Amino acid sequence: MKILVVDDVFENRLLLRKTLSKNHLVIEAENGQQAVDRFLDTQPDLVFMDVKMPVMDGITATKTIRSLPSEKWVPIFMLSAQDDESSIVEGLHAGADDYLTKPINHAILKAKLSSVIRSLKMQEQIIKDSDQLKAYRQQNEKEQEFAQTVFNRLLS
């Protein structure tokens, strides 16, 4: 799984990279603008987005990412030292799927990551099934067109 980690503090990115890179490909960005650019370039499966950053903050970056056309859901987890209700609500209203407070509790991070992986696997299966149904539908339409052509020739 490709995970985009966005934080302006190197140590925070390093900590997440060491935790996540054992089983996942970690892509890093230092601010919201880099996050949007890397999101477009790498198409990650999950984003960890810091809230307070220079150039573009995490709220704006999340809103920008959510406004991009996409064929799949990419979960975004907001990361912040702010744990008050209004900050959490603001992050979720911006388009984040979850909100983790710093310092990050590794047991909670593992549990949430496991939950997201299950959801992403279900999404993958739904996309695969949808593609297969589209192929069946196209084949069925071709067969019906052929049958209609044969029927019309028989009538004439």
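**Note on the predicted model**

1. The chain has an accessible surface of about 9900 Å², and carbon and sulfur atoms account for 54% of that area. The structure is a predicted model. Of its 156 residues, 34% count as buried.

2. On overall form, the radius of gyration of the chain is 22 Å, whereas a compact globule of 156 residues would have one near 15 Å. The C-alpha trace spans about 75 × 30 × 30 Å along its principal axes.

3. The chain contains 5 helices and 5 strands, and their order along the sequence is β-α-β-α-β-α-β-α-β-α. Among contacts between residues at least 6 apart in sequence, 58% join residues at least 24 apart.

4. The count of aromatic pairs comes to 1. The ring centres of phenylalanine 48 and phenylalanine 77 lie 5.4 Å apart with their planes at 85°, so the pair is edge-to-face. Because phenylalanine 48 belongs to strand β3 (residues 46-50) and phenylalanine 77 to strand β4 (residues 76-80), the pair ties together parts that are 29 residues apart in sequence. Phenylalanine 48 counts as buried, at 0% relative accessibility, and phenylalanine 77 counts as buried at 3%.

5. Serine 87 is placed in helix α4 (residues 85-94). This serine has 10% relative accessibility and therefore counts as buried, the cut-off being under 20%. Neighbours within four places in sequence aside, serine 87 is in contact with Gln82 and Tyr99.

How values were computed. Residues are numbered from 1 along each chain as its sequence is written. This is a predicted model: local features need pLDDT of at least 70, side-chain atom pairs count only at pLDDT 80 or more; totals for chains, interfaces and linings use all residues. Side-chain values use heavy atoms; hydrogens and water are left out. Rings of Phe, Tyr and Trp (its six-membered ring) pair if their centres lie within 6.5 Å; planes under 30 degrees apart count as stacked, over 60 as edge-to-face and the rest as tilted. Helices (H or I, at least four residues) and strands (E, at least two) are DSSP runs, numbered from the N terminus. Buried means under 20% relative accessible area, exposed over 50%, partly exposed in between (1.4 Å probe, protein chains only). Contact means heavy atoms within 4.5 Å. The radius of gyration is taken over C-alpha atoms; the globule rule is 2.2 Å times the number of residues to the power 0.38. Accessible areas come from the Shrake-Rupley method with a 1.4 Å probe; for residues, only the protein chains shown count as cover.
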